[in-house]
Amino acid sequence: MNQGGETTAVLDLREVTFRRDGVEILHGVDLTIGRGEHWAMLGPNGAGKSTVVSFCAARAHPTSGTVTVLGHQLGRVDVAEIRRLIGHVDPRYRLSSPLTARQVVLTGLTGTIDLPIRWDPTPAQVARADALLDDAGLAAHRDSTWPTMSQGERGRALIARALIAQPRLLLLDEPTTGLDVAAREQYLTTMDRLALADPDMTSVLVTHHLEELPTTTTHAVLISDGRVTAAGPVRETLTTAAVSEAFHHPITVAYDSGRFSARAS
Ligand SMILES: Nc1ncnc2c1ncn2[C@@H]1O[C@H](COP(=O)(O)OP(=O)(O)OP(=O)(O)O)[C@@H](O)[C@H]1O
């Protein structure tokens, strides 16, 4: 958010490239995200969205270029410290032990996949985990173990996990995967409520569906073939022309009462 005309960058990617198995996946990505902004990231399968988000989450390093997260340049800082300030819904999340939904949410406080051996949550932390589970419609599943939960229930629990540490930066990589229509709408309401309740929080949402952008989305970035093809205020960025170019397909974008939609032209 602007402060005296200055934008406080929460994320700053400069000329970022990424190479894997000898293949360049990102070819010089520049992206600056300011405090209190809510970005949507869209682009075709394999465009590089999750790779960009893994830098934003301080989970990976670029091959060249610089990534600055919450004022700290990756490579010059203890990443564990920044990860504590980040809530991340990661589609690659894999549990190695059968934690309960409540325990999964609590791992959001430790920034780990499993519960650390010598760590006990306080009663207040457990109460907050339960409140978030209730908000996510999982009151009846607090003690359900991960392997017994449906994909949609897991998705909701992961959103609660991302929120428990009251992150400065919230990264949501396809958070609505597996959610039914009611759960999706509930999630959108939660995002809007959060954005309004905490104006300093910043978020980046990766999605394939324009219909799934919360009404509080302020900016958008289109990524195609490892490059940013458009970025800026959401209404100026998600146009029929820009979205069609990014997806290499004619797509008509519509906007009504705060919500976007898209269909093939
Ligand atoms: N571990 C890996 N080894 C090799 N290539 C990889 C690896 N991870 C990702 N890639 C490749 O990098 C490219 C970008 O992947 P990424 O997951 O960032 O795309 P994406 O835009 O998030 O795609 P999707 O919308 O399908 O989730 C893809 O071509 C993918 O095949």
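R184 and E212 are both buried (under 20% relative accessible area, with over 50% exposed and anything in between partly exposed; 1.4 Å probe, protein chains only). The model is predicted: local features need pLDDT of at least 70, side-chain atom pairs count only at pLDDT 80 or more, and totals for chains, interfaces and linings use all residues. Residues are numbered from 1 along each chain as its sequence is written, and side-chain values use heavy atoms, with hydrogens and water left out.

**Salt bridges**

- The side chains of R184 and E212 form a salt bridge at 3.7 Å, N to O (a side-chain nitrogen of Lys or Arg within 4 Å of a carboxyl oxygen of Asp or Glu).
- R184 belongs to helix 6 and E212 to the loop between strand 10 (202–206) and strand 11 (219–224), so this pair ties together parts that are 28 residues apart in sequence; helices (H or I, at least four residues) and strands (E, at least two) are DSSP runs, numbered from the N terminus.
- A salt bridge also joins the side chains of R259 and E185, at 3.1 Å, N to O.
- Because R259 lies in strand 14 (residues 259–264) and E185 in helix 6, the pair ties together parts that are 74 residues apart in sequence.
- R259 is partly exposed at 25% relative accessibility, and E185 is partly exposed with a relative accessible area of 29%.
- In a further salt bridge, the side chains of R156 and D180 meet at 3.9 Å, N to O.
- R156 sits in helix 5 (residues 151–163) and D180 in the loop between strand 9 (169–173) and helix 6 (181–197), so parts that are 24 residues apart in sequence are tied together.
- R156 is buried, with a relative accessible area of 19%, whereas D180 is partly exposed at 41%.
- A network of salt bridges links R102, D130, D134, R142 and D143.
- The count of salt bridges comes to 13.

**Ligand site**

- The ligand is surrounded by 14 residues, of which G46, K49, S50, T51 and H208 are the closest; a residue counts as near if one of its heavy atoms lies within 4 Å.
- By class, the shell holds three nonpolar, six polar and five charged residues (Ala, Val, Leu, Ile, Met, Phe, Trp, Tyr, Cys and Pro are nonpolar, Asp, Glu, Lys and Arg charged, and the others, Gly among them, polar).
- Helix 1 (residues 49–56) supplies the largest share of this shell, three residues.
- A side-chain N or O atom of N45 is 3.0 Å from an oxygen atom of the ligand.
- A polar backbone atom of G48 is 2.9 Å from a ligand oxygen atom, and a backbone N or O atom of S50 lies 2.8 Å from an oxygen atom of the ligand.
- Taken alone, the ligand exposes 640 Å², and the protein buries 62% of that (Shrake-Rupley method, 1.4 Å probe; for residues, only the protein chains shown count as cover).

**A buried charge at E37**

- E37 is located in the loop between strand 4 (23–34) and strand 5 (38–42).
- E37 is buried but has no salt bridge, and the nearest side chain of opposite charge, R35, is 10 Å away (Lys and Arg count as positive, Asp and Glu as negative; His and the chain ends are not counted).
- The E37 side chain makes a polar contact with the side chain of W39 at 2.9 Å (a pair of N or O atoms within 3.5 Å; within protein, one must be able to donate a hydrogen and the other to accept it, and residues adjacent in sequence count only if both atoms are side-chain atoms).

**Helix 8**

- A242 is in helix 8 (residues 240–247) and counts as buried at 13% relative accessibility.
- The C-alpha atoms of A242 and T229 are separated by 7.7 Å, with the two residues 13 apart along the chain.
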